[in-house]
Amino acid sequence: MRIAAGVLLMWAAACGGAPAPRAHTITIVDATRFSPATLDVAVGDTVTWVNQDVVPHTATSTTGGFDSGRIDPEQSWTYTVAKAGELAYVCTYHPTMKGTLRVK
Amino acid sequence: MRGISVLAVAAGLLAGPAAPAAAQAVTDAQIAAIVVAANQVDIDAGKLAAARASNPEVKKFGEQMVTDHSSVNKSAAALVNKLKVTPEENPTSRSLKEGGEKNLARLKTLSGAAFDKAYIDHEVEYHQQVLDALDKTLIPGASNDELKALLVKVKPAFVAHLEHARHIQSSLGNGQ
């Protein structure tokens, strides 16, 4: 079933029905923000959070869509966007760090 | 001369932001010892809070301090190792440790809401003092570029901790 959906997705992409999935990067430079804080993505795209800070962080959807768990310094975590909508997320360790994925 | 400057740093740390700007004649080896001591003090207090706090926010904050300051110390240790600097104890690092021990001794006599308040009040004060030391002494005093860069990089986490601690402090003050 999943394979069929994947084939369908590739077929749609090949026919120009949908653009090919893109890879995005969000950088965590310090404990104050995600950069960029707001990112426009499409279903099927990948988003990689790269932690360049000296302390661990998370990227955790506030509505339960995704949760990176702990991302240690110099580590990263990749999420394949699964559904459309505005996905707000925070770092659960530093709740003042907020971000949004705007999924088309 | 160096002794006097380091004492001034110690005075700055103890007296907080109101103290006159300290002189900058600390060596990288002394800065390394100060960084390690500053983090260790907050790790120890955080461990106690994680075990003893009654308010869940305070408990979580304590756990957070253990995580973040351990991580900073790991980065600091890696850099110190790479630069082949041997941390050199000095009045500031010693006063930080003594202050930390006094704080722990006091916290251990408290429980419940009194513990939570005393811990958070001290965290606010402590992070203010460390930020002040970073700005006035440690960052300007670091001669190695990588050490300076690490100190600059660490600062936003300390700012976030201070804001977080203040937020908890105000919620505790509202009769929770």
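Predicted model: local features only at pLDDT ≥ 70, side-chain atom pairs only at ≥ 80, totals over all residues.

A: Happy to. In chain A, four strands form an open sheet in the order E3-E8-E7-E5, with mixed pairing. Strands here are DSSP runs of E with at least two residues, helices are runs of H or I with at least four, and both are numbered from the N terminus. Two strands pair if DSSP finds at least two bridges between them. The edges are held by E3 (38-41) and E5 (60-61) of chain A; each has a single partner strand, so one side of each is left without a neighbour in the sheet. E5(A) pairs with E7 (residues 85-90) of chain A in the antiparallel sense, over two bridges.

Residues are numbered from 1 along each chain as its sequence is written, and chains are lettered from A and ligands numbered from 1 in the order in which they are written.

Now to the contact between the chains. Chain B gives 13 residues and chain A gives 11, where contact means C-beta atoms, placed from the backbone, within 7 Å. On the chain B side, helices H3 (56-83) and H6 (145-173) each supply at least two residues. H6(B) has the largest share, with seven residues. By class, that side of chain B has six nonpolar, four polar and three charged residues. Nonpolar covers Ala, Val, Leu, Ile, Met, Phe, Trp, Tyr, Cys and Pro; charged covers Asp, Glu, Lys and Arg; the others, Gly among them, are polar.

How far can you trust it? The predictor gives the complex an ipTM of 0.72 and a pTM of 0.79. For chain B the mean pLDDT is 87, and 85% of its residues reach 70 or more; pLDDT is the predictor's confidence in each residue, from 0 to 100. In chain B, pLDDT stays under 50 over residues 1-12, for which the model has 28 contacts beyond four places in sequence. Residues 14-22 of chain B also stay under 50, with 15 such contacts.

Terms used. Contact = placed C-beta atoms within 7 Å.
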